[in-house]
Amino acid sequence: MGSTRWRWLVWVGAGISVVGLAFFLWGEGLDRANQWAGVLGLFVGLAGLVLSVTGGIRGRGGGQSADGAAAGGSVRMVRNVKGDVVIGGSPTPGAVPDAATTPVTDTADDGQSARGVRAGGDVNLVDGVEGSVRFGEQQP
């Protein structure tokens with residue numbers, strides 16, 4: 001199922017749910033609807049609390065992906081570096097290979113991946129370096 005169709009189904013389902021809830025509360029009368037709204041609000045609040053706590057515990061790694069990229073030069077993904085980064089090398093790109101030679105993936109499952117990359121140069125994934133990172137020649 002395509003992404004657009006999935007979103008459409010979610011919006012339609014949410015709309016039907018809201019309209020159904022409105023009709024239910026309207027049928028209950030003002031006093032009972034107020035009681036139901038308090039109970040439903042409690043559960044919505046608890047669900048929000050659980051989602052925010054689990055999101056804070058798991059954290060968002062700020063994923064980086066170059067999956068399926070095609071580059072005439074090197075592919076370099078750098079993040080979380082607390083120091084200087086010097087990237088050098090050949091300024092002229094090479095030819096893009098017809099197929100990926102070896103799949104390069106970060107096995108730490110921290111959000112960096114470069115699956116199926118076709119690159120005329122190196123593929124480097126760098127994360128969490130406390131010092132300097134250098135590739136190729138030093139730039140002035």
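This note sets out numbered points on the predicted model shown above.

1. Basis. The model is predicted; local features need pLDDT of at least 70 and side-chain atom pairs count only at pLDDT 80 or more, whereas totals for chains, interfaces and linings use all residues. Residues are numbered from 1 along each chain as its sequence is written, and side-chain values use heavy atoms, with hydrogens and water left out.

2. Secondary structure. The protein chain has two helices and nine strands, in the order α-α-β-β-β-β-β-β-β-β-β along the sequence. Helices (H or I, at least four residues) and strands (E, at least two) are DSSP runs, numbered from the N terminus.

3. Of the 140 residues in the protein chain, 14% are buried (under 20% relative accessible area; exposed is over 50%, partly exposed in between; 1.4 Å probe, protein chains only). Among contacts (heavy atoms within 4.5 Å) with a separation of 6 or more, 63% join residues 24 or more positions apart.

4. Nonpolar core. The largest nonpolar core has seven residues: Ala66, Ala71, Val75, Met77, Ala114, Val117 and Ala119. Such a core is a set of buried Ala, Val, Leu, Ile, Met, Phe, Trp, Tyr and Cys residues joined through side-chain atoms within 4.5 Å. Beyond its neighbours within four places in sequence, Ala66 contacts Val75, Met77, Ser113, Ala114, Arg115 and Val117.

5. Ile57. Ile57 lies in helix α2 (residues 30-58). The residue counts as exposed because its relative accessibility is 68%.
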